Amino acid sequence: MKNLLLVVCMVALTSCMSFSDRKMRPVRNSIEEQLPEIRLEKEFAISMGGGLFDILDIVTLNDADLSAMDHVDVAVYSVYGRGQEVNFARLNFEETLFAKNRRLTWETIVKVRQEEEQVWVLVGMDLKKDSLEAVAVFVLNQEELVLINVDGDMQQMLEFAMRPADEHRQAMRHGSRRT
């Protein structure tokens, strides 16, 4: 019985995961079109689907509430600059993400530009639904590009993430009233 359960779990988990960068290829292609002086070569990629998060919710007794996520995609690419230093400031990440998902409006919410590394965090909004649907993170340096994309009900995820802070604030208010 234990072996059967293990086999069923392994099949379920592997059917929810892929080691392909297929979902990130439009993003990679858009970056290469914007910066023709570079070539991006995949080092590593993983794509995890909603089924995996449903299983994790069951295992954690829904403590983490991960089922709000539809997909998490991570891709790491080597950057080959064709003999010159790459100027990433010319990249339009909103346009790049639009190539991946045309129904979302993308907005940069964090931009960190240091000499050695640059980071952008963007959110994808469905303006018709008035909802936050995705978060994308780009980490770039002269040798490597890391792409992370999370799709799902970000509103529910934010509410879950903020719950401990809200509980702490309420406890502080009730504690401060007693003194």
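Rings of Phe, Tyr and Trp (its six-membered ring) are taken to pair if their centres lie within 6.5 Å, with planes under 30 degrees apart counted as stacked, over 60 as edge-to-face and the rest as tilted. A search of the whole structure, which is a predicted model, finds 2 aromatic pairs. In one of them, the rings of Phe93 and Trp120 have centres 4.4 Å apart and planes at 50°, so the pair is tilted. Because Phe93 belongs to helix α4 (residues 93-100) and Trp120 to strand β5 (residues 118-126), this pair ties together parts that are 27 residues apart in sequence; helices (H or I, at least four residues) and strands (E, at least two) are DSSP runs, numbered from the N terminus.

Phe93 is buried, with a relative accessible area of 2%, and Trp120 is buried, also at 2%, where buried means under 20% relative accessible area, exposed over 50% and partly exposed in between (1.4 Å probe, protein chains only). The rings of Phe93 and Phe138 have their centres 4.2 Å apart and their planes at 40°, so that this pair is tilted. It links distant parts of the chain, with Phe93 in helix α4 and Phe138 in strand β6 (residues 131-140), 45 residues apart.

The mean pLDDT (the predictor's confidence in each residue, from 0 to 100) of the chain is 77, and 71% of its residues reach 70 or more. Local features need pLDDT of at least 70 and side-chain atom pairs count only at pLDDT 80 or more, while totals for chains, interfaces and linings use all residues. Residues are numbered from 1 along each chain as its sequence is written, and side-chain values use heavy atoms, with hydrogens and water left out.
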